[in-house]
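I opened a notebook for this structure and wrote down what I looked up, entry by entry. The entries follow the order of my reading.

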Amino acid sequence: MATRHGDRMTLVAFMQAGNTSVYSGSWRHPATEHGYLDASYYAKVGRQLEQGCFDLMFFDDRLAMPGIYAGTVAEAVRYGARPVKLDLGVVLGVLAQTTSRIGLGATYSTTYYAPFHVARTFATLDHLSGGRAAWNVVTSVNDSEAQNFGVDAHLGHDERYDRADEFLDVVSGLWDTWDADAIVHDRSAGVFADPDKVRELNHVGRFFSARGPLTVPRTPQGRPVIIQAGSSGRGREFASRWAELIFTGDPGLEVARAHYADQKTRIADAGRDPAAVRICPMAYAVVGETEQHAKEREAMLLEDLVHPMASLTLLSELMNYDFARHDLDDPVTDDLIASVSGIRGLVQNLRAHLGGTVTVRDLAGHRATLLQGPRFVGTGAQVAEQMAEWFHADACDGFVLAATHMPGSFEDITRMVVPHLQRGGLFRKAYEGTTLREHLGLARPAHAGSPA
């Protein structure tokens, strides 16, 4: 069974439109620029990533300040644990005009948005960016988000995915309500578009109803690229049905190899081509001019910049569980696992990686520090070699690279790592197409009942 399309890595830049990167201590780094409220900041990062020929610039999002820990947002605000989250539709609109090739992706929730809104937002982005849009499908997991949308508590795990399945049916149906050749612009006859090629959807289901058609014509990519990052069994099944790019959080090589094989098998079982889906773990690259320099940087990042309270605040947000009732060195017991929704897959991965008892500190570190994913440390050549090891071991199709500081991390990768990947034939030297699907080697999706 073929599992990979080609021998070239996918590289994604993992962004946050806020005060910190995924690494929660990034705002304290002496080289970090605090320009996150300025459009020119995002434009600069986008141009830097385009110089490195990255496939995609992806923005994570949540719809609330972290406020689960001790029932307050105070610690998130005090320690900078991602209290700032800008509207991604606006941020990507800026980037659509200030970049020309790199893909532009964002997280949008299937729990708190409506299918028509999401379909229109990403179809619009795909047009205005010339075919570079991607949507990361999330189901939203915590009560803080629910309470910002007039709901007391979030939906249960399986119900969230049932809703998400129907949400994707509606969104993909809306994207197909226009044929690619519907618009004719016949000035002499006074005909703008062929009404036989624009259809109502008329969806009525358990969670949604949507008449349609979408008010945005069929997009340059046919449909925006679909991203998913579910790690539970149900999450992996959902990704197998829908995703074209899957983000994972596997901290070690063997864990990642097992996840990769399992996910590719599930994709095949769902009747799709495993080679047409990219699987990319989140990773950090700590690069130095010398190996010793890189190790000194790593030590500072591991020891000095992340406050333990920030870690616990973000862990509580992720798991929708108040960890204020636990000490950092408390073991993660089976009873705790049973009481916290969504924690089982994370604990299983950490147990496999650590080979022993997992503590609350381990969980918190996974969420907020460099422990969250694989960490490649060394000179540019050494980091490229470490990345190549994972790639050749069938642990991934590429990487979602997170920043330890902004924008310097991406400058280091572009300047010192990418050239070695290019010389080794593992990464492009120039963009060969204009759309994100072309960058990823993904086919244009077939249109339901008409030409794509």
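**Entry 1: Arg-82 and the ground rules**

I looked up Arg-82 and found a relative accessibility of 4%, so Arg-82 counts as buried (buried is under 20% relative accessible area, exposed over 50%, partly exposed in between, with a 1.4 Å probe and protein chains only). I noted that the model is predicted, that local features need pLDDT of at least 70, that side-chain atom pairs count only at pLDDT 80 or more, and that totals for chains, interfaces and linings use all residues. Residues are numbered from 1 along each chain as its sequence is written, and side-chain values use heavy atoms, with hydrogens and water left out.

Arg-82 is found in the loop between helix H2 (74–79) and H3. I took helices (H or I, at least four residues) and strands (E, at least two) as DSSP runs, numbered from the N terminus. The phi of Arg-82 is positive, near 60°, and Arg-82 is not a glycine.

I then read Asp-394, another residue other than glycine with a positive phi, about 55°. Asp-394 lies in the loop between helix H14 (380–392) and E13. With a relative accessible area of 37%, Asp-394 is partly exposed.

**Entry 2: Helix H1**

I checked the length of H1 (residues 39–51): at 1.5 Å a residue its 13 residues should span 18 Å, and the end C-alpha atoms are 19 Å apart, which agrees. The expected span is 1.5 Å times one less than the number of residues.

The buried residues of H1 include Tyr-41, Tyr-42, Val-45 and Leu-49. I asked what the buried residues of H1 pack against. They pack against strand E1 (10–16), strand E2 (56–60), helix H3 (88–98) and helix H15 (408–423), where contact means heavy atoms within 4.5 Å. Just after H1, Cys-53 has a positive phi of about 60°.

**Entry 3: Helix H4**

I did the same for H4 (residues 115–128). At 1.5 Å a residue, its 14 residues should span 20 Å, and the end C-alpha atoms are 20 Å apart, which agrees. Its buried residues are Pro-115, Val-118, Ala-119, Phe-122, Ala-123, Leu-125 and Asp-126. Seen down the axis of H4, these fall within an arc of 160°, so they line one face of the helix; the arc is that of the directions from the helix axis to the C-beta atoms. The cover over them includes H3, strand E3 (103–109), E4 and H6. After H4 comes Gly-130, with a positive phi near 75°.

**Entry 4: Nonpolar cores**

I looked for nonpolar cores, meaning sets of buried Ala, Val, Leu, Ile, Met, Phe, Trp, Tyr and Cys residues joined through side-chain atoms within 4.5 Å. The largest has 76 residues, and Leu-11, Phe-59, Trp-135, Met-387 and Phe-399 have the most contacts inside it. Helix H6 (residues 157–175) gives the largest share of this core, 8 residues. Apart from this core lies another, of 25 residues, among them Val-12, Leu-245, Met-282 and Ala-294.

I listed partners of Leu-11, leaving out residues up to four places away in sequence; they include Phe-54, Leu-56, Met-387, Phe-399 and Phe-427.

**Entry 5: Aromatic rings**

I searched the whole structure and got 19 aromatic pairs. Rings of Phe, Tyr and Trp (its six-membered ring) pair if their centres lie within 6.5 Å; planes under 30 degrees apart count as stacked, over 60 as edge-to-face and the rest as tilted.

Trp-135 and Phe-167 form a tilted pair, 5.8 Å centre to centre with 50° between the planes. Trp-135 is in strand E4 (residues 133–138) and Phe-167 in helix H6, 32 residues apart, and the pair links distant parts of the chain. Trp-135 is buried at 0%, and Phe-167 is buried at 0%.

Tyr-321 and Phe-323 form an edge-to-face pair, 4.9 Å centre to centre with 70° between the planes.

**Entry 6: Cis peptide bonds**

I found a cis peptide bond from Gly-212 to Pro-213, with omega near 0°. Pro-213 is in the loop between strand E8 (209–210) and strand E9 (225–228), and at 25% relative accessibility Pro-213 counts as partly exposed. Another cis bond joins Met-406 and Pro-407, with omega about -5°.
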